[in-house]
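This report looks at how the parts of a predicted model meet, between chains and within one chain. The terms are defined where they are used.

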There are 2 protein chains.
Amino acid sequence: MENFIFQNPTKLIFGKGMIANLAKEIPQDKRVLVTFGGGSVKTNGVYEQVKTALQGFEVVEFWGIESNPSVETLQKAIALGKENKVDFLLAVGGGSVIDGTKLIAAGILYDGDAWDLVLKGQAIDTLPLAAVLTLPATGSEMNAGAVISRKETVEKFAFFSKNPVFSILDPSTTFTLPKYQVACGIADTYIHVMEQYMTTPNQSKLMDRWAEGILQTLVEIAPSITKDTENYALMSEFMLSATMGLNGFIAMGVRQDWATHMIGHELTALHGITHGGTLVIVMPGLLRTLKTKKTAKLLQYGERVWGITAGSDEERADQAIEKTESFFRSLGLATRLGEVGVGDETIVEIERRFNKRKVGFGEDGDITGTVSRQILENCK
Amino acid sequence: MENFIFQNPTKLIFGKGMIANLAKEIPQDKRVLVTFGGGSVKTNGVYEQVKTALQGFEVVEFWGIESNPSVETLQKAIALGKENKVDFLLAVGGGSVIDGTKLIAAGILYDGDAWDLVLKGQAIDTLPLAAVLTLPATGSEMNAGAVISRKETVEKFAFFSKNPVFSILDPSTTFTLPKYQVACGIADTYIHVMEQYMTTPNQSKLMDRWAEGILQTLVEIAPSITKDTENYALMSEFMLSATMGLNGFIAMGVRQDWATHMIGHELTALHGITHGGTLVIVMPGLLRTLKTKKTAKLLQYGERVWGITAGSDEERADQAIEKTESFFRSLGLATRLGEVGVGDETIVEIERRFNKRKVGFGEDGDITGTVSRQILENCK
């Protein structure tokens with residue numbers, strides 16, 4: 001096991017009716033900027049619950065944080081926050097709203113252009129923020145990360161800030177989600193876990209078990225959940241799995257990959273494909289490309305998550321990759337570049353971008369522009 | 001899944017050489033009371049590392065916190081802390097030292113007898129405390145709980161305070177532990193997990209998987225670790241498992257039992273038996289007594305942790321209980337009351353105590369004095 005430092009101070013408030021806790025969790029004297037995405041929270045009752053809970057607080061609302069939040073939109077929220085001298089932020093929505101609000105919380109305390117903070121990769125100082133989660137997927141409700149896009153330059157980068165002070169997760173808020181979003185949320189969670197897990201076996205036996213535990217849970221609930229999105233028990237498992245999938249709990253003392261995400265971000269930036277939708281295409285291609293290097297872990301994964309025990313090492317590794325891709329397809333998601341209209345020119349552009357940035361992703365830092373091109377070729 | 005609120009702010013600093021981080025984790029202006037158990041930290045190098053790291057701090061040392069720390073000893077430390085106006089505590093040792101230091105941290109800010117706080121069950125206010133862990137077992141390094149004894153009245157009660165601000169876990173500090181202590185630490189961890197797990201299945205599929213993940217890890221490492229206590233990788237798994245076994249990470253949204261602990265505490269109070277040593281006796285007896293009620297979870301546990309798939313439900317439940325007891329015996333621990341010299345008079349005394357306190361332990365609050373007597377009869 002590698003040396004590590006772990007801390008996750010976010011207070012997780014989980015369950016039916018818990019949005020009412022907002023009133024006691026936000027300090028009484030705060031001026032709150034509440035941020036939203038589109039209008040879905042107005043039709044599913046979440047907006048009403050939040051508004052009721054915040055009676056008595058000074059509240060400013062900002063609407064319209066889009067999927068893959070853009071710095072252009074967030075700059076408007078930063079201006080609104082500065083103007084109203086807010087000193088607490090409450091994100092109400094999915095990962096995009098929470099991610100965007102992390103940049104707003106830092107941007108309000110920063111004099112220059114908020115894009116500087118994204119390029120720097122790290123917030124200097126930040127206002128406290130909290131979240132009411134309505135779409136399980138990114139884990140942003142219990143981590144310090146965010147991913148911000150810039151329309152002007154068609155770029156998308158990760159940025160680190162502070163954890164939410166608290167996050168409220170009521171699984172019943174997810175009942176009205178479109179099935180496609182549930183499918184993408186499950187896929188996103190699955191791949192977050194794989195990024196932290198699919199390296200080499202037994203760096204930590206315990207972390208391996210916990211990562212596998214999330215994957216096993218997702219595999220178990222997926223066939224029902226995409227048909228029965230108003231099942232509280234199932235949505236609870238999904239919501240808890242998504243949060244636990246990217247809050248550091250399965251990352252202690254182990255190396256991580258994240259190349260799938262880095263390549264996926266480019267596909268979103270260039271083609272506007274949903275985050276989860278890019279990941280389910282890239283990961284099987286990455287595993288096909290790096291099969292030899294990752295064989296030992298693929299065999300463990302295949303056996304423990306998919307029950308694959310027969311065949312040669314190579315056959316079992318292949319089966320594990322096939323099972324992974326089939327799982328994504330069973331969610332109704334496309335898993336090949338051709339299906340989403342991405343062709344060779346994009347592959348060339350991503351190689352060019354990575355080579356220019358001289359990147360080296362993956363647990364060994366060896367996923368260069370050239371290797372990324374091979375991976376994308378294996379996603380055709 | 002039940003509604004829950006989870007928060008665990010402890011910073012976990014894990015790995016070889018990490019004790020040196022003390023210097024930057026404790027605020028510079030603090031007057032530190034450092035607490036110890038016996039002298040083992042002087043022979044294994046931990047004391048030297050702590051002393052070196054704390055150069056430049058104002059430090060007061062308190063030695064002699066015993067196993068099952070007594071309020072009588074802790075009162076002396078509280079007096080020393082008050083006298084020296086300390087405002088930060090550092091516990092260096094195992095669960096007993098950390099538990100005891102939690103009471104010291106509360107007692108220094110309390111004017112009356114510290115035993116009042118134990119009876120109240122909850123600290124009112126407390127100084128910040130941190131820990132350097134040398135004996136994995138109790139999880140005290142990353143939770144708010146403590147168990148305190150009182151020699152005068154032969155009592156032992158749980159008490160809740162605050163989490164350590166940070167805890168440093170260097171697996172190499174455990175290399176010199178006696179094998180019996182390693183065995184008890186593994187058993188203690190195993191039973192902490194069972195207390196949070198062995199109720200009913202699928203309250204949370206994910207929490208079930210994570211609890212099973214710790215149990216599987218312990219079962220996997222136990223045969224080697226008790227022979228090879230200087231194996232860094234194995235001790236890392238043990239140390240991380242012990243911490244994760246009782247820090248709330250596997251307790252989200254699920255009911256818990258804890259009757260084994262409540263009965264075990266009485267055996268320690270009355271006979272001075274090591275904590276882990278009492279648990280491995282009581283738990284198999286509890287499972288034999290409550291087999292019918294817990295059948296569904298016993299079957300899941302038997303299959304996932306022990307690979308038991310053949311036989312009727314009752315046969316598989318019996319096998320799961322037998323496997324559990326055999327596991328404890330494989331660690332070299334006694335699993336029957338007769339082996340540790342406990343007879344009928346103790347069983348009667350525990351029934352009397354519980355009936356007098358009108359307790360109801362277990363996930364349904366139905367483990368009364370009378371049921372506890374049945375459980376202890378099944379431990380003979």
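## Contact between the chains

Two residues are in contact if their C-beta atoms, placed from the backbone, lie within 7 Å. On that criterion, chain B and chain A meet through 33 residues from chain B and 33 residues from chain A. On the side of chain B that touches chain A, β1 (4-14), α8 (205-225) and α9 (232-244) of chain B are the elements that give two or more residues, where helices (H or I, at least four residues) and strands (E, at least two) are DSSP runs numbered from the N terminus.

By class, this side of chain B has 17 nonpolar, ten polar and six charged residues; Ala, Val, Leu, Ile, Met, Phe, Trp, Tyr, Cys and Pro count as nonpolar, Asp, Glu, Lys and Arg as charged, and the others, Gly among them, as polar.

## Strand pairing across the chains

Strand β1 (residues 4-14) of chain A pairs with β1(B) in the antiparallel sense over seven bridges, pairing being assigned if DSSP finds at least two bridges between two strands. Within this arrangement, A:N8 stands opposite B:N8 in β1(B).

## Domains of chain A

Chain A is divided into domain 1 (11-173) and domain 2 (178-377), with bounds that come from an automatic or database domain assignment. The contact between them takes 19 residues from domain 1 and 24 residues from domain 2.

On the side of domain 1 that touches domain 2, β6 (145-150) and β7 (155-160) of chain A each supply at least two residues, and by class that side has nine nonpolar, seven polar and three charged residues. The centres of the two domains, taken over C-alpha atoms, are separated by 27 Å.

## Basis of the model

Residues are numbered from 1 along each chain as its sequence is written, while chains are lettered from A and ligands numbered from 1 in the order in which they are written. As this is a predicted model, local features need pLDDT of at least 70 and side-chain atom pairs count only at pLDDT 80 or more, whereas totals for chains, interfaces and linings use all residues.
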